[in-house]
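Subject: Structure handover

Hello,

Here is the structure for your files. Notes on what was found in it follow below.

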Amino acid sequence: GYVSDISCSYPVNGRFSPDQRMIYEAVWAAPRAVEQSSRPGVRWTDMHQLAERTILTHLRDAGLLQGDVDEMMSAALGGVFMPHGLGHFIGCDVHDVGGYLGDALPRSSIPGLRNLRITRTLQENMAITIEPGCYFVDFLLDSAANNPAQSRFLVPEVLQRFRNFGGVRIEEDVIIRADRVEVMSDVPRTIEDIEAWMAGNVTHK
């Protein structure tokens, strides 16, 4: 048979705190942006960078970061908060093979991008995961704070509040169609649906 791989980040008490809500919304915006842009012929590395850019923009707007998002991207700040690749093939294996075959680019040395399992251009009917995340890892935050190219974008007094936050990841299983992305995963995703589901008021079908 075929496999799936679906990550869900839910608040254990059933209700999002303001900080949890803000980080969840930042991450939730990323797969929606990627789904809108993923089509046959699109390079997967570009989708990874779109996810990074989306999350960085939300973090800046929420006051955790400051400055120009294009400059953040040039400084590889996305890899501080999303230190993993955007997704992987699914099929006969959960992490299916083939991400570096065909027209794949060589593995990057840039943080975040270097962890990609796929660098190919998308083709129709590929089954793939879209799984952006935002994490607050002490080692990575400390390294960024000591890196002049990255530290100028940080707002330390606000980021300190998130040192014990952990992170959020949202993973969708999708099929690349000729003119759209078909989302196969069917779980509560919006904050409203998640809170209703955890309260026992199942509204998601």
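Contact here means heavy atoms within 4.5 Å. By that rule, and leaving out residues up to four places away in sequence, Trp44 touches Val34, Ser38, Leu86, Gly87, Leu116, Ile118, Arg120, Leu122, Ile128, Thr129 and Ile130.

Some notes on the source. This is a predicted model, in which local features need pLDDT of at least 70 and side-chain atom pairs count only at pLDDT 80 or more, while totals for chains, interfaces and linings use all residues. Residues are numbered from 1 along each chain as its sequence is written, and side-chain values use heavy atoms, with hydrogens and water left out.

Core. Trp44 also belongs to the largest nonpolar core, which has 50 residues; Trp44, Leu77, Phe81 and Phe136 touch the most other members. A nonpolar core is a set of buried Ala, Val, Leu, Ile, Met, Phe, Trp, Tyr and Cys residues joined through side-chain atoms within 4.5 Å. Buried means under 20% relative accessible area, exposed over 50%, and partly exposed in between (1.4 Å probe, protein chains only).

Salt bridges. The whole structure holds 11 of them, each being a side-chain nitrogen of Lys or Arg within 4 Å of a carboxyl oxygen of Asp or Glu. One joins Glu195 and Arg15 at 3.2 Å, N to O. Glu195 is in helix H8 and Arg15 in the segment before helix H1 (18-37), 180 residues apart. Helices (H or I, at least four residues) and strands (E, at least two) are DSSP runs, numbered from the N terminus. Glu195 is buried at 9% relative accessible area, whereas Arg15 is exposed at 55%.

Another salt bridge pairs Glu131 with Arg169, with 2.6 Å between the closest N and O atoms. Glu131 sits in the loop between strand S1 (127-130) and strand S2 (133-135), and Arg169 in strand S3 (residues 167-169), so this pair ties together parts 38 residues apart in sequence. Glu131 is buried at 6%; Arg169 is partly exposed at 22%.

In a further salt bridge, the closest N and O atoms of Arg177 and Glu182 are 2.7 Å apart. Arg177 is partly exposed at 23%, and so is Glu182 at 26%. Separately, salt bridges with shared partners join Arg15, Arg21 and Glu195 into one network.

Surface. Trp197, Met198 and Val202 make a nonpolar patch of about 280 Å². Patches consist of residues with over 30% relative accessible area and no salt bridge, with like charges joined within 9 Å and nonpolar side chains (Val, Leu, Ile, Met, Phe, Trp, Tyr) within 5 Å. Areas come from the Shrake-Rupley method with a 1.4 Å probe; for residues, only the protein chains shown count as cover. Met198 lies in helix H8 (residues 191-198) and is partly exposed at 32% relative accessibility.

Regards
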